[in-house]
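Dear colleague,

I am passing on a structure for you to look at, and I have written some notes to go with it. Please open it first, and then read on with it in view.

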Amino acid sequence: MAGYVMTGWVRKHVEFGGNYHIRGRVDRLGVYGAYPAVLFSHATNAPIDRAWSDADGWYEFDWLAYVYRGYYVVAFDPSDPPENAGIATLITPELMP
């Protein structure tokens, strides 16, 4: 458990922490729904955070550092059998409200 905390939450807030957020929407063949989404650093390909989109397909990652076109999100298909993942790349975070 401590290993996850040190490599997950602490890494996000130490290396990638800030006052910005990323919000987006994911769909599968035009159908919005709950999908697991993972945020990655574009420079290092390191996973930063993970979340599930809501029933309308919206996902959000908060408290990020501002990096121009510095992130990408991969949304996975949890159905059986899984289909292709949805990818949004070169994302620039916005200042949190």
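To follow the first result, please keep one rule in mind: rings of Phe, Tyr and Trp (its six-membered ring) pair if their centres lie within 6.5 Å, and planes under 30 degrees apart count as stacked, over 60 as edge-to-face and the rest as tilted. By this rule the count comes to 3 aromatic pairs. One of them is formed by Tyr20 and Tyr66, whose ring centres are 5.2 Å apart and whose planes meet at 50°, so this pair is tilted. The pair links distant parts of the chain, since Tyr20 belongs to strand S1 (residues 20-25) while Tyr66 lies in the loop between strand S6 (58-64) and strand S7 (71-75), 46 residues away. Here helices (H or I, at least four residues) and strands (E, at least two) are DSSP runs, numbered from the N terminus.

For accessibility, buried means under 20% relative accessible area, exposed means over 50%, and partly exposed is in between (1.4 Å probe, protein chains only). Tyr20 is partly exposed at 24%, and Tyr66 is partly exposed at 45%.

Another pair, Phe40 with Tyr72, is stacked, with 5.0 Å from centre to centre and 10° between the planes. This pair also links distant parts of the chain, with Phe40 in strand S4 (residues 36-41) and Tyr72 in S7, 32 residues apart. Are these two residues buried or exposed? Phe40 is buried, with a relative accessible area of 15%, and Tyr72 counts as buried at 16%.

Before going further, a word on the source: this is a predicted model, in which residues are numbered from 1 along each chain as its sequence is written. Local features need pLDDT of at least 70 and side-chain atom pairs count only at pLDDT 80 or more, whereas totals for chains, interfaces and linings use all residues, and side-chain values use heavy atoms, with hydrogens and water left out.

The pLDDT is the predictor's confidence in each residue, from 0 to 100. Its mean over the protein chain is 84, and 87% of the residues reach 70 or more.

As for the overall layout, the secondary structure of the protein chain comes to 2 helices and 9 strands. Two strands pair if DSSP finds at least two bridges between them. An open sheet of 3 strands has the order S6-S1-S9, with antiparallel pairing, and its edge strands are S6 and S9 (94-95), each of which pairs on one side only. S1 and S6 are joined by 5 bridges, and Tyr20 has Leu64 as its bridge partner in S6. S1 and S9 pair over 2 bridges, with His21 standing opposite Glu94 in S9. Elsewhere, 5 bridges join S4 to strand S5 (residues 47-52), and these two run antiparallel. S4 and S5 form a hairpin with 5 residues between them, and Asn45 in the turn has a positive phi of about 60°.

Turning to the interior, a nonpolar core is a set of buried Ala, Val, Leu, Ile, Met, Phe, Trp, Tyr and Cys residues joined through side-chain atoms within 4.5 Å. The largest such core has 15 residues, and those with the most contacts inside it are Ile22, Leu39, Phe61, Leu64, Tyr71 and Val73. The elements that give two or more residues to this core are S4, S6 and S7. Leaving aside neighbours within four places in sequence, Val73 is in contact with several residues, including Leu39, Phe61 and Ile87.

Finally, a charge sits over a ring if NZ of Lys or CZ of Arg is within 6 Å of the ring centre and within 35 degrees of the ring normal. The charged end of Arg23 sits over the ring of Trp58, 4.1 Å from its centre, and that of Arg25 sits over the ring of Tyr32, 3.6 Å from its centre.

With best wishes

Key:
Contact means heavy atoms within 4.5 Å.
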